Every structure is written in structure tokens, then in C-alpha cells.
Amino acid sequence: MMTNATGTSQTPQDGGTDSAALIAHALGGDQTAYGALYDRYAPSLYRLCYSLLLNREDAEDVTQESFVYAFRNLRRFDAGKSAFKTWMFTIAISRCRNQYRRFMPQLLDISDLLGLAIAAPRSEQPEAAAARSDAKATVEAALRRLQPRLREAVVLRYGHGLTYREIAEVMNCPQKTAESRVRLAHDALRGLLLPVGESLLEELLAT
Amino acid sequence: MSTLGEMTADSVEDMTTEPIMTCRDVQRALPAYLHRELPPSQRGQVARHLAGCVRCDAHYQAQREIARRLEATVPLIGRGTEAGRFELMWRGIAAQIAARRRQISMTSLMTSGAALMVVLLLALAWAPTASQAWVPTQPTAFHGDGRSTPVAVAYSSEDTSSATLTPPLQSNYAPAVGATDEP
């Protein structure tokens, strides 16, 4: 897709040194460095936004907005304070929160209110009908029912493997609060996820 | 219950250095314990508590089970997005950045133009007056009846620093004989 400004191979991990070089190139006016940064962080940032908003269009919008903001304010990024990935996550989370506030009613599913079976996400109606019994769809629907702050904590912990210190940094809260949010999310999700068949879980764990 | 005399040195040390963790403390520490983010000393305390407390151990097992499920499923959410979608997003980002750059360069161009215009206007306003040589006018004495007569001003253009003010002579001024300025 995009060429790598430094000519190094790209890895999905947050390679701090490579990222620092890319940022330096971008700040120096190298346009391809922006593309390389996007290539490196877009998949995880989009996944974060999608997991929080559970809507493809909104997730794409917020991903775009976050990159535009980050690239315009690249000089403000301080590598001594945080990793580029967590800085990007902080920007994205703030925009996702604006999105919850704007579209809160859309995040509530009518089936939740009526106590019916878990519905599929509104942006994926066709495939969700077929995948209703799938563990992924079940988790997605379960996350939809979580309070936004608990959902953020769970997604950052399990979706992106952030430590509690990093979660606290991204969510702008004390580390103990981040830990207690994960614990509360565990309690809330237990009833929603345990019905998923053990064989299906084993299958997922094997892949 | 053993008496202090029957305790080993280690157990006495544990009692003096480690604060006692209640069930509530342990349950709060479970997420960090589960993900191996507790400091070793606290980790040991939690482990010992779980070994002896059925209720907390049940909590721990439940948390571990749900964590196992979340680790397997949450990373799948949002995956499988086609590369074309990322390409489209990138085009949108690049377009917005380019539009911003154009806007910034237009703004700076307009600002520079406006500054140049102001400088030119000031220069034009100043130019006609600056072209006339400044000629000092002679001071005139005021008479109150509309007349004015030129006043002669005598000064030395060569040595202005030596000019001193001298008081007018007064007819009634005569220093006392023998008087000096000495205190």
C-alpha cells in the first residue's frame, strides 16, 4: 500500500525506534513517512475504534479524524512521555467519547431494552444473522451492553494487550481505577459470555 | 493458634513487614494478579490468601475464566476489514492534510500581502512630507494685541556647552565684608 520511508520492513508491533525514525522523517517534511506511520498504526487504531463504537462507518470516521489530528500535531508528541501507539489511542478514545455522547441512543439496541436475544451490530446485519451463534458476534454484542468506560478498559486490555499503567494513561485515570474497571467488566460480562460453548472457545483458542 | 514463641523467624518477619490483605483487598488486586502486574511481594500475599480462602479463590477462578474467553475473542473484533477500506481512509486523511496545508499557505500569503499593503500605505503617506525640508521658524514675542515681533536669539553654534546662566545684576546685592561661602 504505502512505501516505507525508512526502507525497513514493517512489523505490527509498536516498534519504538522505527516509529521515532518515521516521526522524525515526517517532521522533516518526508511525505512518505506519514504513509508509513498510517500503515503501521491504522489497523490497530481502527480495531480500537470499531470495538468501542461497534459501527464500521463511525469507526472509519474516528480513525480518519484521529490520524488527521495526530499528523497536524505531530510536533506535540513527546516520546519521553508515552509510546506513539498510546498517544494515538488517547486521541482516538477522546473522539470515540464524543461519538458516544452524540449517538448514545444508537448504541443501545432495542432488543436489549426488550430483553430479547442479543442482536447483531446494525452495520453488519447481513452477516450477523448467519453469525449470531458465533463467539465473536456474542462478545461484540456483550461489549455493546457494557458501560462505555468498562468497554474501553476491556478492549484496551484484551484487544490490544495494554498494561494497566498504559490503560490508565490512555483513559486518563489512576491505575487502580483502570484495574477496577476491568474487574467490574469481568463481573458484568460473566453472565453474558459463559453460555458460549466450551468447544467453540477451544476452537477459537486453537486458531 | 500458635503462640509467638512457636513461630518461625520468617513468619514473624512476614507479620512485621507485610500489611494484612483482607478479602476485599485481594479481590481488588485480582486483575493485576491475573495479568502478572502485581509486585512480587503482593503477588505472594495474594497467592497465600487464595490458598486459604475458598470465597476469594472462587472469585479468582471466575475472573480467570472470563479473562481467558476475552483474550480469545476481543482481538477478533474489528478484524477482517478489507485493505480497500484502509486505502480509502488514507485518501481522506491525505486530502484533509493537503487542504489544511493549502489553507495555511493561503492565510500566510494573505497576511504577508496585507502587511505589505500597510507598509506601502504608510510609506506613501510619509513620502510628501518627508520631501519638504524642515525649516525652523523664528520665534515671535506675544504682545496680546495681535502684533508679534521677532525675538533675537543669540547663541553660539560653536560652543553650546560653555553657555552658563548668569543672574541679572541686582542693585541691592552687596556681600557683607569678610563673609565667605565656607560654613
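The points below go through selected local features of this structure, which is a predicted model.

1. Conventions. In this predicted model local features need pLDDT of at least 70 and side-chain atom pairs count only at pLDDT 80 or more, while totals for chains, interfaces and linings use all residues. Residues are numbered from 1 along each chain as its sequence is written, chains are lettered from A and ligands numbered from 1 in the order in which they are written, and side-chain values use heavy atoms, with hydrogens and water left out.

2. Positive phi in chain A. Most residues other than glycine have a negative phi. A:Asn172, although not a glycine, has a positive phi of about 55 degrees, and its place is the loop between helix H9 (164-171) and helix H10 (175-193) of chain A; helices here are DSSP runs of H or I with at least four residues, numbered from the N terminus. A:Asn172 counts as exposed because its relative accessibility is 70%, where exposed means over 50% relative accessible area, buried under 20% and partly exposed in between (1.4 Å probe, protein chains only).

3. Positive phi in chain B. B:Arg36 is not a glycine either, and has a positive phi of about 55 degrees. B:Arg36 lies in the loop between helix H2 (23-34) and helix H3 (40-52) of chain B, and at 64% relative accessibility it counts as exposed.

4. A buried loop serine. A:Ser82 sits in the loop between helix H3 (56-72) and helix H4 (84-107) of chain A, and with a relative accessible area of 14% it is buried. Leaving aside residues up to four places away in sequence, A:Ser82 touches A:Phe77, A:Trp87 and A:Glu169, contact meaning heavy atoms within 4.5 Å.

5. Helix packing in chain B. The axes of H3(B) and helix H4 (residues 54-73) of chain B come within 6 Å and cross at roughly 110 degrees, the axes being lines fitted to C-alpha atoms over the stretch in contact, with angles from 0 to 180 degrees between N-to-C directions. H3(B) is therefore roughly perpendicular to H4(B), a term that covers 65 to 115 degrees, with under 35 being roughly parallel, over 145 roughly antiparallel and the rest oblique. The contact is made by B:His49, B:Leu50 and B:Gly52 of H3(B) and by B:Val54, B:Cys56, B:Asp57 and B:Tyr60 of H4(B).

6. Cysteines. The count is 0 disulfides over all chains, a disulfide being a pair of cysteine sulfur atoms within 2.5 Å. A:Cys96 is in no disulfide, and the nearest cysteine sulfur, that of A:Cys49, is 4.2 Å away. A:Cys96 counts as buried at 0% relative accessibility, and A:Cys173 is buried with a relative accessible area of 16%.

Terms used
Helix = DSSP H or I, 4+ residues; strand = E, 2+ residues; numbered from the N terminus.
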